[in-house]
Amino acid sequence: MKDLQRSIGSKTHMDYAYDLDLVVKPDSQTPVLGREFGHYTGAGIPLFSLGGGIYRLVLSYILSKFHALRGYYVVETPILASANLFEVSGHLSFYKQNMFLLDIEGHKFAIKPMNCPYHILLFMHEVARYRNKVPLPFKIFEIGRVHRYEPSGSLYGLLRVRGFTQDDAHIITPEREIRKVMLSLFEELKEIYEALYYLPIGGENLKLRLSFSDPNLIGTEFMGSKEEWRAAEDALKDIADNLSRNYGISYFIEKGEAAFYGPKMDFIMNVEEGGIRKEWQLGTIQFDFNLPRRFKLFELIKEVYGDMNIYIIHRAFQGSIERFLGIYLEYSKGRLPFPLAPLQVAIIPILTGKKEIDLNIKVLAEDLSSKLFNSGLRSSLIVTEKTRLSGDIRRLETRVKPPLEIFIGEREVRERSLSLRVYDYIKRQARKEKVMFKDEEDMLNEVMNLVDSLESGVRRLIGDCPRIPVDMSYLT
Ligand code: ZN
């Protein structure tokens, strides 16, 4: 992968994913059966494991609610569809080589390679029933699982797979609203990247690639009329100019690189990873003249809403959730944002060997542990001794990396204090803190204040932060 040139010996995203129990590593052995897991799961189909289950559950909730709050309808469409759907959408003509097709009782079916045809069907269904009460722009979002054929030689970890999940949305918008819609899409992307992942979006680390048509090939390689292409490309360029004025984000145009169905804007992030600057292509926003025509949307819109020109916009901010996770794991060295981390809090009682003191330490630690778990946090108790402390911490820090570690030893019990190690996502390093407390209620409040600050980004996005207390102590 050209965006992931690694030095030998450093961990790959799959190592981090394995450490956090996010996925099953295909080349690890299945006990007893004597085979590698990949033998059973199939190449390019990642199998998320128990930590990965948490990650996906919380992320789905955050993204779904985020979109619902911003006027999107959130749906979930089937994996399998009649091939008729993809005949109408044009996928069977233009995209067949990437599709998995099957025959069921003599009827052709396809595993969906994209969610768009379903989203358009849903729009048509709603308009047929509720006519012009269906609002325009119409925005529809799905955490959509798709499958696409990729040659086995090109598959790699979570970065190049055959089964993946898009944070996928489609917007059906009147032409006159296009600039407003595009700007809001950029702002939404910025919000998610900054508040959830601590990836600042601005001129110093983001540029835009605008993929345009080749005017000489419009009508042959690029579907639609010259007017349609010009209007859409002008709109994209306007938005890019606007972003460049307001955020200092630069852009470049690649002629002839558009998709056959319309021009697109890709977000290319430039981040520092281990002292090396790397480029990742992440989100994308694409115009489409193909689908509205194939599904006769222009006619439907005209009949229901009156005479207007519309566009369909496809957009995915993370692109693929699997690929984004892989890239983010390498970038962050396995530090997932607090709300998404499989193990969020480690409580570490440090025993001294002195009976009475150790009893007090244990009581305090166990009390805090159960209170945090009851507050919805994935916390775990890791009992250690002074002599083993540094080894235990090193093991924890190289593998599970809980964002919040709470140490309780002899001094803490005596002083009524907690020694904390909190990961600072902005500085990208852990900091030490000490909090004093009066009583046990006060102790919980102090910890929960810190938790609130680690959840504040997600609260800004969706008004709350999902807390799903699963016992992840097996990780430690
Ligand atoms: Zn689409």
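Two strands are taken to pair if DSSP finds at least two bridges between them. Helices (H or I, at least four residues) and strands (E, at least two) are DSSP runs, numbered from the N terminus. The structure is a predicted model, in which local features need pLDDT of at least 70 and side-chain atom pairs count only at pLDDT 80 or more, whereas totals for chains, interfaces and linings use all residues. Residues are numbered from 1 along each chain as its sequence is written, and side-chain values use heavy atoms, with hydrogens and water left out.

Strand β19 (residues 429-436) is joined to β18 by eight bridges in the antiparallel sense. On the hairpin formed by β18 and β19, four residues lie between the strands, and Arg428 takes a positive phi near 60°. Strand β17 (residues 404-408) also pairs with β18 in the antiparallel sense, over four bridges, with Ile406 opposite Leu420. Burial is assigned from relative accessible area (buried under 20%, exposed over 50%, partly exposed in between; 1.4 Å probe, protein chains only). Strand β18 (residues 417-424) is largely enclosed by the rest of the structure, because seven of its eight residues are buried.

An open sheet of three strands has the order β4-β6-β5 and antiparallel pairing. Its edge strands, β4 (80-82) and β5 (100-104), each pair on one side only. Neighbouring strands of this sheet are turned by 35° against each other on average, direction ignored; the axes are lines fitted to C-alpha atoms, for helices over the stretch in contact, and angles run from 0 to 180 degrees between N-to-C directions. Strand β6 (residues 107-111) runs antiparallel to β4 and is joined to it by three bridges, and Ala81 has Ala110 of β6 as its bridge partner.

A zinc ion has Cys116 (SG), His170 (NE2) and His314 (ND1) as its protein donors, which lie 2.0 to 2.3 Å from it. Donors are N, O and S atoms within 2.8 Å of the metal (3.2 Å for Na, K and Ca), and sites may look incomplete because water is not among the atoms. Along the chain, the donors follow the spacing C-x53-H-x143-H. Distant parts of the chain are linked by the pair of Cys116, in helix α6 (residues 116-130), and His170, in strand β8 (residues 163-174), which are 54 residues apart. Cys116 is buried, at a relative accessible area of 2%, and His170 is likewise buried, at 2%.

Grid points are joined across faces, edges and corners, and a volume is the space filled by probe spheres set on the points. A search of the whole structure finds four cavities of 30 Å³ or more. The largest cavity holds about 90 Å³ of space, and its lining includes Ile348, Ile382, Asp392 and Leu475. Helix α13 (residues 389-398) gives the largest share of this lining, four residues. For the classes, Ala, Val, Leu, Ile, Met, Phe, Trp, Tyr, Cys and Pro count as nonpolar, Asp, Glu, Lys and Arg as charged, and the others, Gly among them, as polar. The lining of the largest cavity has six nonpolar, one polar and three charged residues.

The second largest cavity contains about 70 Å³ of space. Among its lining residues are Tyr197, Tyr328, Tyr423 and Arg428, and helix α11 (residues 321-332) supplies the largest share, three residues. About 400 Å³ of space lies in the second largest pocket. Of the 21 residues lining this pocket, Met14, Pro26, Asp27, Tyr156 and Gly157 lie nearest its centre.

Most residues other than glycine have a negative phi, and most peptide bonds are trans. The peptide bond from Leu136 to Pro137 is cis, with omega near -10°, and Pro137 is found in the loop between α6 and β7 (138-147). Arg131, in the loop between α6 and β7, has a positive phi near 50° and is partly exposed at 36% relative accessibility. Asp21 has a positive phi near 55°, lies in the loop between α1 (13-19) and β1 (29-30), and counts as buried at 16% relative accessibility.

Notes
1 Å grid on protein atoms, 1.4 Å probe; cavity = no way out; pocket = protein on both sides within 12 Å on 5 of 7 lines; lining within 4 Å.
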